[in-house]
Amino acid sequence: MSSLKYLFSPKSIAVIGASRTPGKIGYEILENLKEYGFKGKLYPINPHATEVLGLKAYPSITEVPDEVDMAVIAIPAAAVPSVLEECGKKGVKVVVVISSGFKEVGNVELEEKIVEIARKYDMRLLGPNIFGIFYAGSYMNATFGPRNVVPGTIAFISQSGALGIALMGWTVLEGIGLSAIISVGNKADIDDADLIDFLGQDENTRVILIYMEGVKRAREFMNVARKVTTKKPIIVLKAGRSERGMRAVASHTGSLAGSDVIYNAAFKQCGVLRAMNVEEAFDWARAFASLPEPKGENVIIVTNGGGLGVMATDAAQDYGLKLLEPPKDLMDKFRRFMPPFGSPRNPVDLTGQATEREYHGAISAALGDNRVHSVIVLYCETAVADPIKVAEGILKAKQEASMEKPLVAAFIGGVNTARAIKFLNENGVPTYPTAERAVSSLAALYKWSSWRRRASQK
Ligand code: COA
């Protein structure tokens, strides 16, 4: 089987079923490809058109004068086999079958047929029943989802189509940067194991997030996952946890959801982190995308609100983070940035009168001390401390620090606080609207890091 490089970095793409009508799937895919700035060649294929979106169209892929690496197919299912034969004869390396109407509706034979044709011509096949593929590295948005995906380092594999498209839009809103989005649908050929193997070696990807309903080749998945998680984290959002949920999975993608206990044990064995919901999955992914690995277990919490500090302390215990008892010399440093009624213990309470100056000072002290390995910053919006200025103070402390350490934040407040959260996220400080989410994300980093160290020593 040929490698997946043509799926992520094809030099040329044909869109088979490139409709002339805006709003139709084939049209939208071609438009996304063109407008997102795909650098290679694009060939619309449509027997009824001579031109689509200003590009010369061909009646069949066999008439394209150049080589075609990838074909995206958006025509009704029944016509897919004959078009695949043409792709095979043309020497296409990978086919992306958008069309629905295969195994997911009981059309098993038709699905087997397209896999057979793909194998015959040594073509890899993504799908069918998918919304496409996006890869930032080659400016390729071959999906009918939102166009302006934010480029970044999180690769997102989705077995659900509609949820995948919805989350594409949501990541744009949240400013979450993606290296790749792969809709896998029925996984007739290319599956999670293939993709994590490729993405594990992809230098544009730092973390892999998978929405899955079922695994196809469990052993291969576990073997590859075990290898990949020693290099980069894999987060899985596995749906179908409940008995009713499992039945829903069976009627959705036809996957066998399997016993949840077995999945949990399998994920644990290969270092895969399991998130319980979408929010948690992306929270963790955001942290993994920008944080360095911690060099030790000692965490310091810096806050301007005592209550928030207590909640973060509880969460730290729940998630297994170790809070440092600050040595006296470090407490003395912290004291310089708080009034006499503040607390230099952990949580370091700068009190409600803290401004960006106190935040900057206390965080710098923590980041500059080699007994501290990670820092959680908490902020409650007050009239004395503009959230944007506090955010700038935090960022400055991070940029000035001589040692690279994980730094996460939680900002709680109104409209300006939301802007500060966005600003910090855009500048590589994972920031959340609750203390628990910040703690959970840092804890996920610790969990993966300790797995990675144990697994690489074996
Ligand atoms: N080669 C190239 N183009 C062809 C063709 C062929 N063999 N046969 C038809 N076409 C052209 C059509 O003429 C049409 O272009 P036009 O609008 O300019 O006339 C275009 O391809 C699309 O064909 P059409 O028959 O109009 O299909 P459609 O756009 O209504 O539906 C699918 C095609 C693939 C979108 C549809 O069958 C489908 O599967 N939809 C579900 C997709 C989905 O939800 N996937 C999962 C997401 S998670």
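**View 1. Lining of the largest pocket in the predicted model.** At least two lining residues of the largest pocket come from each of helix H2 (25–36), helix H3 (80–90) and helix H5 (161–174); helices (H or I, at least four residues) and strands (E, at least two) are DSSP runs, numbered from the N terminus. H5 contributes the most, with three residues. The space amounts to about 660 Å³, a volume being that filled by probe spheres set on grid points joined across faces, edges and corners. A pocket is an open set of points on a 1 Å grid over the protein atoms alone, where a 1.4 Å probe fits, with protein on both sides within 12 Å along at least five of seven lines; lining residues have an atom within 4 Å of a point. Because domain 1 (1–130) and domain 2 (149–290) both give residues to the lining, the largest pocket lies between them; the bounds come from an automatic or database domain assignment.

**View 2. The second largest pocket.** This pocket holds about 310 Å³ of space. Of its 18 lining residues, Glu 174, Arg 286, Ile 421, Asn 425 and Thr 431 lie nearest the centre. Helix H15 supplies the most, with five residues. Domain 2 (149–290) and domain 3 (292–457) both contribute to the lining, so the second largest pocket lies between them.

**View 3. Packing of H10 and H16.** Residues meeting across the pair (heavy atoms within 4.5 Å) include Trp 284 in H10 and Trp 448 in H16.

Residues are numbered from 1 along each chain as its sequence is written. In this predicted model, local features need pLDDT of at least 70, side-chain atom pairs count only at pLDDT 80 or more, and totals for chains, interfaces and linings use all residues, while side-chain values use heavy atoms, with hydrogens and water left out.
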